[in-house]
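This report goes through selected local features of one protein chain. The sequence and the structure come before the description.

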Amino acid sequence: LLHVERNQPQFDRLENLFLDHNSIVTLKLSTSHTLKNLTLSHNDWDCNSLRALFRNVARPAVDDADQHCKIDYQLEHGLCCKESDEPYLERLLQYIAMTNVAEKLQRAQGRCSATDAINSAQSFSHYITQHGDVPLQSNEQFEAEVNELRAEVQQLTNEQIQQEQLLQGLHAEIDTNLRRYGLPKDGLVRPSDNLNKVFTHLRERH
């Protein structure tokens, strides 16, 4: 759970709301809310949003707290939060940096496939869609990294298409040889098993 600001009308009508152990950055509640029990610990709070929230929520209603905060985070009303001018943009840039490091490490270790990169880009695109109000165009470093990621994904997509075409060609060649030697094709096994059937037939002929 990440973005819940649009849920304020529904939240205001609840008596119990458990939002702990998520990735929530900001939360809004009106002064007319009916909450009696609210859990907020273990999230990714923006400090300014947290201060504004506690102007409308009495502490007795919040019945949990954080014990230890990550680096660059501080305790505010018993909850860990981070000071930032643009909370979503800052977290988005951090997400990009972490993704870049992870993918470079995977490529160095030979564990990053085209499918992995495409899935990562789709996840990243979904993240941006969920936060369309973030002023992305204001950050040149962000734009440069996005363009670099897009170029890499396009290259990997092209390579994946070429590999799939090559694989389809090999499958067609196997089918051709099965027909040539009058061998039945088993559709429930891997193509390599049908290829072994051709090799076995040729060995037996000689």
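C69 is partly exposed, because its relative accessible area of 30% falls between the cut-offs of 20% and 50%. This value, like the others in this report, comes from a predicted model. C80 is buried, with a relative accessible area of 5%. The sulfur atoms of C69 and C80 lie 2.0 Å apart and form a disulfide.

The torsion about the S-S bond of C69 and C80 is -95 degrees, which goes with a left-handed link. The pair connects distant parts of the chain: C69 belongs to the loop between α2 and β4, C80 belongs to strand β5, and eleven residues separate them.

## The disulfide of C47 and C81

How many disulfides does the structure hold? There are two, and one of them joins C47 to C81 with an S to S distance of 2.0 Å.

When the bonded cysteines of the chain are numbered in sequence order, the pairing reads 1-4, 2-3.

## Helix α2

Helix α2 spans residues 47-54, and its buried residues are C47, S49, L50, L53 and F54. These residues lie on the same side of α2, because they cover an arc of only 160 degrees around the axis. An α-helix has 3.6 residues a turn, so residues three or four places apart point the same way.

What do the buried residues of α2 pack against? Their partners are the strands β3 (45-46), β4 (74-76) and β5 (79-82).

## The sheet of β3, β5 and β4

The strands that α2 packs against are β3, β4 and β5, and three strands form an open sheet in the order β3-β5-β4, with mixed pairing. β3 and β4 stand at the edges with a single partner strand each, so one side of each has no neighbour in the sheet.

Strands of a sheet pair through backbone hydrogen bonds, either parallel or antiparallel. Between β3 and β5 the pairing is parallel and runs over two bridges. D46 has K82 of β5 as its bridge partner.

## Charge and aromatic rings

Which ring does the charged end of K70 sit over? It sits over the ring of Y73, 4.7 Å from the ring centre. As for pairs between aromatic rings, the structure holds zero.

## N194 in helix α6

Helix α6 covers residues 191-205 and includes N194. Is N194 buried or exposed? N194 has a relative accessibility of 4%, which is under the 20% cut-off, so N194 counts as buried.

Leaving aside residues up to four places away in sequence, N194 touches I174, L178, P184, K185, D186 and V189.

How values were computed. Residues numbered from 1 in each chain as written. Predicted model: local features only at pLDDT ≥ 70, side-chain atom pairs only at ≥ 80, totals over all residues. Heavy atoms only, no water. Buried < 20%, exposed > 50% of the residue type's maximum accessible area, 1.4 Å probe, protein only. Helix = DSSP H or I, 4+ residues; strand = E, 2+ residues; numbered from the N terminus. Arc of directions from axis to C-beta. Contact = heavy atoms within 4.5 Å. Disulfide = S-S within 2.5 Å. Phe/Tyr/Trp six-rings, centres within 6.5 Å; stacked < 30°, edge-to-face > 60°. Lys NZ or Arg CZ within 6 Å of the ring centre and 35° of its normal. Pairing = 2+ DSSP bridges.
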